[in-house]
Amino acid sequence: MNLVLERGKRFCGYIVGIVFFISGVLKLLDPTGTSLIVEEYYGFLHTGFLDFSAKAVAVALSLLEAVTGAALITGLWRRITAIVTLVIMGCFLLISIALLVFDPVMDCGCFGEAVHLTHLQTFIKNLVLSALCCASFFPFSALGSPKKRKYVAFSMVVSGLGVFTVYSLTYIPLVNFTDYTASARLEASERRFDRNFQDEPDEYEAVFIYEKDGRTREFGLENLPDSTWTFVSTETVRKRERGRAMETNISLPVIDAAGEYHDSLAAQGKVMAASVYAPEKLSPRKWNALTEYLGSAQANGFTPLLLVAASPDTGQKIIEMLENDGRTDTGLLESLLYFSDYKTLVSLNRSNGGATYFADGFLIRKWAFKALPDDARMTELGTEEPTETLLSYGTVGNLTFQAFLLYSFAVMLLL
């Protein structure tokens with residue numbers, strides 16, 4: 001009977017540990033996105049003055065969650081791990097109750113951008129996990145002791161988490177769960193496509209427009225979003241079929257120095273767009289590197305764009321600052337400069353100064369600032385079929401992330 005009870009308690013601990021580990025890893029996958037969630041919580045708690053700490057707090061909490069999950073799965077330091085887990089779950093449960101009662105327009109961020117839960121679903125999840133914690137940890141006297149080899153397994157997994165975190169902080173996420181993912185299509189490009197079929201018989205359908213985090217998205221009656229989205233309006237539009245695959249539609253709204261609105265700059269041909277969502281954090285050396293990169297893109301047949309989260313007035317101050325520095329071709333930079341909002345650009349590319357490649361309105365791939373392709377690679381991209389680039393980009397990232405998860409669970413469960 002004692003053996004059955006002990007195995008039952010360990011099974012409950014495994015379940016909680018797996019949820020904690022996956023949740024932490026998904027948040028570490030995208031530290032910038034997780035920091036945006038932390039900022040939303042700061043706003044909800046009226047502590048916006050702490051926004052400067054959002055990224056550090058996001059990474060620290062995500063690491064704590066993942067490491068706690070690893071400790072639960074391997075069964076190490078069971079009393080301390082139990083106390084830490086109960087404290088974390090208590091905080092999660094209180095926050096989920098507050099979200100359920102006040103119903104703010106925000107996502108809980110439990111699993112980063114990968115899984116979105118309603119406030120009720122978040123509360124139920126935390127209630128179930130709390131019950132599993134109680135079943136696993138009480139009484140403390142029956143927690144048992146781990147096998148010595150589990151210390152090796154835990155060390156290997158935590159080392160892997162460290163490398164994974166450093167990579168995520170340095171480069172863009174291996175897997176992108178936002179709307180601005182590879183193969184997403186610009187709405188402006190879709191409008192151009194529709195004009196090619198004006199001779200077809202018209203069929204119409206109702207489209208519901210919802211807003212979340214500063215962006216709007218269309219939904220059909222059969223796939224309405226959860227309560228974290230805010231209803232905006234309903235439109236009747238022509239159906240777009242003709243055998244086309246389901247696509248994620250994104251927008252890229254920008255203005256030029258004169259304040260004129262554009263949303264189709266990247267809708268035709270091969271376009272290389274560098275995006276800077278925090279221009280105040282970019283040094284003159286990095287501005288110069290971006291300008292040279294876009295010059296190389298232009299020389300290889302791309303239409304270059306420099307998108308900055310700023311107003312035209314701020315853009316002019318950046319130009320003046322770079323003119324005084326003397327290292328940057330400000331004439332070229334100014335000719336490529338357009339302005340957008342922070343949320344659009346941080347969603348487009350998580351790297352401040354990163355680049356995004358579009359081909360006929362389809363998002364093909366992204367690069368972090370520290371991994372921008374050199375001249376030789378740019379020449380290859382200029383002649384390479386965009387579909388080939390798209391397939392290789394998505395495959396490598398997904399396989400690498402899956403390999404990391406497989407390695408972690410194999411070490412924790414089998415070693």
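Predicted model: local features only at pLDDT ≥ 70, side-chain atom pairs only at ≥ 80, totals over all residues.

Biologist: What's up with phi of Ser 183?

Modeller: Phi there is near 85°, a positive value in a residue other than glycine.

Biologist: And is Ser 183 buried or partly exposed?

Modeller: Partly exposed, because its relative accessible area is 37%, and the buried class stops under 20%.

Biologist: Which other residue has a positive phi although it is not a glycine?

Modeller: Trp 77 does, with a phi of about 40°. You'll find Trp 77 in the loop between H3 and H4. Its relative accessible area is 42%, so Trp 77 counts as partly exposed too.

Biologist: How far apart are the end C-alpha atoms of H3, and what should its residues span?

Modeller: H3 has 21 residues, so at 1.5 Å a residue it should span 30 Å. The end C-alpha atoms are 30 Å apart, which agrees.

Biologist: Pick a residue in H3 for me. Where does Thr 68 lie, and is it buried or exposed?

Modeller: Thr 68 lies in helix H3 and is buried, as its relative accessible area is 6%.

Biologist: What is Thr 68 in contact with, leaving aside its neighbours within four places in sequence?

Modeller: Thr 68 is in contact with Phe 20, Thr 81, Val 84, Thr 85 and Ile 88.

Biologist: Some of those numbers go up in threes and fours. Why would residues three or four places apart point the same way in an α-helix?

Modeller: An α-helix has 3.6 residues a turn, so residues at that spacing face the same way.

Biologist: Which residues lie nearest the centre of the largest cavity?

Modeller: Arg 10, Arg 78, Ser 136, Phe 137 and Leu 143, out of 15 lining residues. The elements giving two or more residues to that lining are helix H1 (2-29), helix H3 (54-74), helix H4 (78-102) and helix H5 (119-137).

Biologist: Which element supplies the largest share?

Modeller: H1, with four residues.

Biologist: How does the lining of the largest cavity split by class?

Modeller: Seven nonpolar, four polar and four charged residues.

Biologist: And the lining of the second largest cavity? What's in there?

Modeller: There are 13 lining residues, with Asp 30, Glu 113, Val 175, Asn 176 and Phe 177 nearest the centre. By class, that lining divides into six nonpolar, three polar and four charged.

Biologist: What about the strands? Which strand is Leu 307 in?

Modeller: Leu 307 is found in strand S9 (residues 303-309). Its relative accessible area is 0%, so Leu 307 is buried.

Biologist: What is Leu 307 in contact with, beyond its neighbours in sequence?

Modeller: Setting aside neighbours within four places, its contacts include Leu 252, Val 254, Val 276, Tyr 338 and Leu 345. Ala 273 is another of those contacts; Leu 307 and Ala 273 are 34 residues apart in sequence and 6.9 Å apart in space, C-alpha to C-alpha.

Biologist: And Asp 325, where's that?

Modeller: In helix H9 (residues 312-325). Asp 325 is partly exposed, given a relative accessible area of 29%. Asp 325 and Arg 285 are 40 residues apart in sequence and 9.2 Å apart C-alpha to C-alpha.

Biologist: Last one: what are the totals for the chain?

Modeller: The chain has 13 helices and twelve strands, and 47% of its 415 residues count as buried. Of the contacts with a separation of 6 or more, 75% are between residues 24 or more positions apart.

Methods:
Residues numbered from 1 in each chain as written. Heavy atoms only, no water. 1 Å grid on protein atoms, 1.4 Å probe; cavity = no way out; pocket = protein on both sides within 12 Å on 5 of 7 lines; lining within 4 Å. Nonpolar A, V, L, I, M, F, W, Y, C, P; charged D, E, K, R; others polar. Expected span 1.5 Å × (residues − 1). Buried < 20%, exposed > 50% of the residue type's maximum accessible area, 1.4 Å probe, protein only. Contact = heavy atoms within 4.5 Å.
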